[in-house]
Amino acid sequence: MTGHPPGSPPRTGRRRFRLNSTPARVWALTMVCVVAVTGLFASAHTTLGQARTGLDVLGRDAGPRAMATTDLYLALADMDARMADVLLMGTGHDLGSGRADALDRFEASRRQANEALLHAASLTEGDSVEERTVQAVLDGMGSYERHASRARLLNDEAQAPPGRVDEEALEEYRRATQLMHTELLPKAFNLGLDSSAIVRQNHEEGQRSVAQGMLTVGAVGAATIVALVALQLYLRVRFRRRLNIPLLAATVGVLLLTVGVVITLELSNGYQRGAKEEGLDAAMALARAGAIATDMQADQSRFLGDPELADNYQQVYLERAQQVLFRPAENLDQYYAAVDEVADAYPELPGPDDPDDDDPGTLGYLGERAQGSLLPGQEDALAEVLETYERLHAADRDLRAAARDGDLAAAVETRMSVADSRDGTFPAYVAALDELIALHRTTFVDGIARGDAVLTPWRLGLPVCVLAVLALIALGVRPRLAEYR
Amino acid sequence: MRLRHRPAAAAAALVLGLSACSEALGEEVSVLDAESITVGVKYDQPGTGLRGPDGELTGFDVDVAYYLTERLGFPADRVELVGVTSAEREDLLIGGEVDMVVATYSITQARKADVTFGGPYYVAQQDLLVRAEDTDIDDVRDLEGLRVCQGKGSNSARRITQGLGIRVEQTDAPSYGACADALREGEVDAMSTDNLILAGFLAQAPDTFRLVNNPFTEEKYGVGLPHGDVRACEAVNKAITEMYQDGTAGQLLETWFGETGLDLVTSVPQFEGCP
């Protein structure tokens, strides 16, 4: 080769230490390329790892734990609902699905609440605010059970007929349900919200760090390409060669690697977001729609069993119903009509007729879900939920009409048929809701699995690609350096 | 030389681009990040938020506002309280003139479209205030045919007429204070709104008024925050939980309403959740 520049004649012995000799420059540029490739490996490896961890935390740790905390509220609300039913039934042991069934289910919910509490206790270790909340619910459970079982005992002893809860038993039950609604249920609900907040924080932090990592990978990848092109051009000028094929291959390899990793990260971030928003968040919102409705339908029993507080129980029934599905309504008659309208119009949703209208639209847990984008199967399932919800309120209308007309027996019978665990309107609503929740859980699990699936090939792929690029660089540079030996 | 400079320039451009992007990737802005915080409270409601002759704001909401902002990391000297009316709360919050509203501000679905609510920090209930000598009003149903006063723009009377189907003669006064005056003068037979507000008036004139103490609807007092400020909302919820756990909420309720005979709930309310 005769390509020595005039100003830097090769001088053996010193050339490797001086940048003005050609082989030293080749070496230096090569080292820059190797460092850049190593940097690319490091940043890609770290970010892919972060993406994997994010999916893992959401899919197998914080996500399922958050789902579990919503069980606590449901179990507690169900306990109080069953107890109200048992008291309302009185001596009518065969009403609806029967007293024994109601007591069995009370017991099952009690066990479930205890399990959910123990679970919550294990999760909240280290957070003193939440720990105290769990402890307070544990303590409250004990006194709730004492009041509730005493109410049952008094009502049994008094041989209270259906619909006419014994006065003393009622006093005791009021204490129990008051405790449930001021001490236990709010705290249980808030614990669920806390775990949602933890999921959100983890998720957003993860998404942010992956997005930042993605930029780093892109930048390091671009810098690597620049270094490789610089090396290529230098070799071309100095050695008057055409293209250095191995270096070109290495450049293309780095380009593909960078683009591939960035696309993978983007995809996995997208799958994770989908799993959280369309899967977990939706499933949790619907689980809350089930839990609050459980408490709501029990207000029918409380309404019938406690005439003195009937106005209040009717009012809270409406308030809870509006949390589940909100339409503007000032009383139950308006609300029944609004629910009919929603169920009939779905998938269209009633809303303000003109922009100045102060109708905020169809909201609440079900309404907000209905506004989101749904897959075909989910849309059918939600339609079924709305229909069963409509039937539940149709039964409520009958129940209150009978009560207003003084036909207590018919009202109690309607109530017990709503709660009938074999074919009642409330269990039908729960079944429809569970089906929809299951679909969203599937979306969640699938999203996590897809995210994992796009990340997995890189476990082996990344080191192999990087080694191949390094080998190509060596292959491209070695013959040129050999000319100086 | 040419070749050496280009990568440097490219790298510099990349670094610049990178930092610009990562700023865009940062967390959403929150009122928590500011140096100081401005909180809107009522100034015309005894017990909850009232401006005294010395210009000082006092009341349950005022104390709650100080407790919460302290938990959020703002010492009292970095908290500015502003008196707000019901009508202007929303606009001030949306316009950014206040960062937070603690002003007997009920959480409703309609408001949630513009405001993110932390809490509720208390669930008040609608009740009735009557003259002390009118002992035969025990229940909202006893109002049939009587004159009921409500503050302008309030929904309280509709809840009685539409919600419960009780026929009453409805009077709208410009403020709750004006309602209280009308009640004292015998121009109306009852005033109806949230029991915390009624208890505030009762505490001012315990011999003139009587609280019926038979509530019929729930009013969830929320902490109004700029729409979408989820971080602040979650932090507020945590602070409210602590306010109840450490007994502060109970003490404050006792301080402001203890002598009115109002049934006070001293355990943490069920939160709305941060969307």
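B:Cys149 has its bridge partner, B:Met191, in strand β10 of chain B. That bridge belongs to the pairing of strand β8 (residues 147–151) of chain B with β10(B), which is parallel and runs over 2 bridges. The model is predicted. On β10(B) there is also an antiparallel pairing, with strand β7 (residues 115–131) of chain B, and 5 bridges join these two. Within β10(B), B:Asp194 is the bridge partner of B:Gln126. How many of the residues of β10(B) are buried? The count is 5 of the 5 residues in 190–194, so the strand is largely enclosed by the rest of the structure.

Now step back to chain B as a whole. It has 9 helices and 12 strands. Of its 275 residues, 47% count as buried. Take the contacts in chain B between residues at least 6 apart in sequence: 72% of them join residues at least 24 apart.

Another sheet of chain B can be traced strand by strand. Its 3 strands run in the order β2-β3-β4, the sheet is open, and the pairing is antiparallel. Which strands stand at the edges? They are β2 (44–45) and β4 (57–58) of chain B; each has a single partner strand, so one side of each is left without a neighbour in the sheet. Between β2(B) and strand β3 (residues 49–51) of chain B there are 2 bridges, and these strands run antiparallel. Here B:Asp44 stands opposite B:Leu50 of β3(B).

Next come the domains. The assignment for chain B gives domain 1 as 31–122 + 220–260 and domain 2 as 125–217. The centres of the two domains, taken over C-alpha atoms, are 25 Å apart. Contact between them involves 13 residues of domain 1 of chain B and 14 residues of domain 2 of chain B. On the domain 1 side, the residues divide into 5 nonpolar, 6 polar and 2 charged.

Chain B also touches chain A. Here 33 residues of chain B are in contact with 34 residues of chain A. On the chain B side, the elements giving two or more residues are α1 (2–24), α4 (109–112), α5 (156–163), β12 (217–226) and α8 (230–245). Which element gives the largest share? It is α1(B), with 8 residues. By class, this side of chain B has 17 nonpolar, 11 polar and 5 charged residues.

The largest nonpolar core has 219 residues. Those with the most contacts inside it are A:Leu72, A:Leu76, A:Leu286 and B:Leu129. Helix α1 (residues 22–89) of chain A gives the most to this core, with 29 residues. Domain 1 and domain 2 of chain B each supply at least three residues to it. What does A:Leu72 touch, leaving aside its neighbours within four places in sequence? Its contacts are A:Ala113, A:Ala116, A:Leu117, A:Ala120, A:Ala188 and A:Leu191.

The last stop is in chain A. Helix α9 (residues 376–404) of chain A has 29 residues. From its first C-alpha to its last, α9(A) reaches 42 Å, close to the 42 Å expected at 1.5 Å a residue. A:Gly406 follows α9(A), and its phi is positive, near 85°.

Terms used:
Residues are numbered from 1 along each chain as its sequence is written. Chains are lettered from A and ligands numbered from 1 in the order in which they are written. This is a predicted model: local features need pLDDT of at least 70, side-chain atom pairs count only at pLDDT 80 or more; totals for chains, interfaces and linings use all residues. Two residues are in contact if their C-beta atoms, placed from the backbone, lie within 7 Å. Helices (H or I, at least four residues) and strands (E, at least two) are DSSP runs, numbered from the N terminus. Ala, Val, Leu, Ile, Met, Phe, Trp, Tyr, Cys and Pro count as nonpolar, Asp, Glu, Lys and Arg as charged, and the others, Gly among them, as polar. Two strands pair if DSSP finds at least two bridges between them. Domain bounds come from an automatic or database domain assignment. A nonpolar core is a set of buried Ala, Val, Leu, Ile, Met, Phe, Trp, Tyr and Cys residues joined through C-beta atoms within 7 Å. A residue is buried if 20 or more other C-beta atoms lie within 10 Å of its own, exposed if 12 or fewer, and partly exposed in between; C-beta atoms are placed from the backbone. The expected span of a helix is 1.5 Å times one less than its number of residues.
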